[in-house]
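Please keep the sequence and the structure in view while reading.

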Amino acid sequence: MPLRRVRARQSGGPRVGHRPFNALPMSHDHDDLPAIDLDHTPRDVVARVIDPVADRDWAELLSPARRRALLAGAGLATAAATTMAAAPSRTPQVVNAGGAGARVSAGGVLLPIAGPGTSPWGTATAAQPTPRPPGVRPDEQVLPTSPRPYTAIRSYHAHIYFDEDSYEKAALIRRWTVERFPVELGDWNLEPRGPHVTPSFYYGFTPDLLPIVVPWLQLNSLGLTILIHPNTGDPRSDHLHYALWVNRSQSVNAYAWRRFVDGGGGDVEQINPNIIPTVPLET
Ligand code: ZN
């Protein structure tokens with residue numbers, strides 16, 4: 001709703017004589033009315049702008065019959081009035097919901113405010129059909145005819161992620177692990193490394209330890225994010241699609257790795273334990 005309309009009512013009711021007829025809303029096109037910048041408009045002015053009484057007066061003024069009469073009186077073409085006859089239900093208004101201004105049609109539908117240019121996507125994206133993306137897992141272009149044997153998993157990795165605020169928790173998990181589990185423990189990684197996007201350390205373990213390591217990490221994660229992935233000879237899928245997470249998950253940057261069906265992967269990683277436990281496992 002333009003400020004001019006408010007001033008018209010303040011001076012004795014709606015009038016349009018000061019405004020060319022071709023400046024009136026001529027159709028339901030939302031561009032016909034200028035938007036009000038609520039962030040830079042005094043609060044009392046905004047309150048008057050959304051005055052429902054003024055809105056009703058304006059709606060009455062612009063009723064199809066009144067507008068036809070006005071247009072006829074101004075000598076404008078009747079054809080233009082025919083176009084306007086469809087407009088009243090879509091005449092944009094400004095509503096104030098929760099302090100934020102928005103333009104809506106009389107039916108309550110939100111209307112866009114024109115941007116400074118045109119979208120590079122064009123105006124037909126909403127009508128695009130939904131395409132089917134290619135499968136991301138190996139051999140998933142069609143449904144498999146049989147399940148994969150679980151014995152394809154030859155070992156597991158547990159990656160414990162941390163940052164500058166949580167590294168002491170990681171150190172405690174690392175020490176507790178070394179005391180209790182015969183695993184292959186890797187170095188500290190204080191920078192992102194491989195597909196791991198935050199500092200981390202990892203240990204590898206054989207599948208027989210899985211029923212112990214998983215619940216132990218569930219109860220002793222200290223809130224850290226932990227990735228547990230199998231090793232099947234397809235590291236891309238092992239990291240992206242076959243993983244377990246303790247607590248929150250986080251990004252794993254392995255999408256650039258070559259797919260197994262395209263020759264990615266190879267030998268299954270073997271586990272060579274380098275830790276001899278010294279503390280009996282609590283049960
Ligand atoms: Zn790993």
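The buried residues of helix H6 are Ala 170, Ile 173 and Thr 177. They cover an arc of only 65° around the axis, which puts them on the same side of H6; the arc is that of the directions from the helix axis to the C-beta atoms. On the other side of H6, Glu 168 and Arg 175 are exposed. Here a residue is buried if 20 or more other C-beta atoms lie within 10 Å of its own, exposed if 12 or fewer, and partly exposed in between, with C-beta atoms placed from the backbone.

H6 comprises the 14 residues 167-180, which at 1.5 Å a residue should span 20 Å; the end C-alpha atoms are 20 Å apart, which agrees. The expected span is 1.5 Å times one less than the number of residues in the helix. The cover over the buried residues of H6 includes strand E3 (155-161), strand E5 (200-205) and helix H7 (210-220).

## Basis of the model

This is a predicted model: local features need pLDDT of at least 70, side-chain atom pairs count only at pLDDT 80 or more, and totals for chains, interfaces and linings use all residues. Residues are numbered from 1 along each chain as its sequence is written.

The chain has eight helices and seven strands. Helices (H or I, at least four residues) and strands (E, at least two) are DSSP runs, numbered from the N terminus. Of the 283 residues of the chain, 17% count as buried.

## The strands around E5

Six of the six residues of E5 are buried, so E5 is largely enclosed by the rest of the structure. Ser 200, Tyr 202 and Gly 204 point one way from this strand, and Phe 201, Tyr 203 and Phe 205 point the other way.

E5 runs antiparallel to E3, to which six bridges join it; Tyr 161 stands opposite Ser 200. E5 also pairs with strand E4 (residues 184-185) in the antiparallel sense over two bridges, and Glu 184 stands opposite Gly 204. Two strands pair if DSSP finds at least two bridges between them. E3 is itself mostly covered, with six of its seven residues buried. E3 and strand E6 (residues 226-231) pair in the antiparallel sense over six bridges, and the bridge partner of Tyr 156 in E6 is Pro 230.

## The largest nonpolar core

In soluble globular proteins, nonpolar side chains tend to be buried together. A nonpolar core is a set of buried Ala, Val, Leu, Ile, Met, Phe, Trp, Tyr and Cys residues joined through C-beta atoms within 7 Å. Of the 20 residues in the largest such core, Ala 158, Ile 160, Ala 170, Phe 205, Leu 224 and Ile 226 touch the most other members. E3, H6, E5, H7 and E6 each supply at least two residues of this core.

Leaving aside neighbours within four places in sequence, Ala 158 is in contact (C-beta atoms, placed from the backbone, within 7 Å) with residues including Tyr 202, Val 213 and Ile 226.

## Confidence

The mean pLDDT of the chain, the predictor's confidence in each residue from 0 to 100, is 76, and 62% of the residues reach 70 or more. Over residues 1-36 the pLDDT is below 50. The pLDDT also stays under 50 over residues 75-88.

Terms used:
Contact = placed C-beta atoms within 7 Å.
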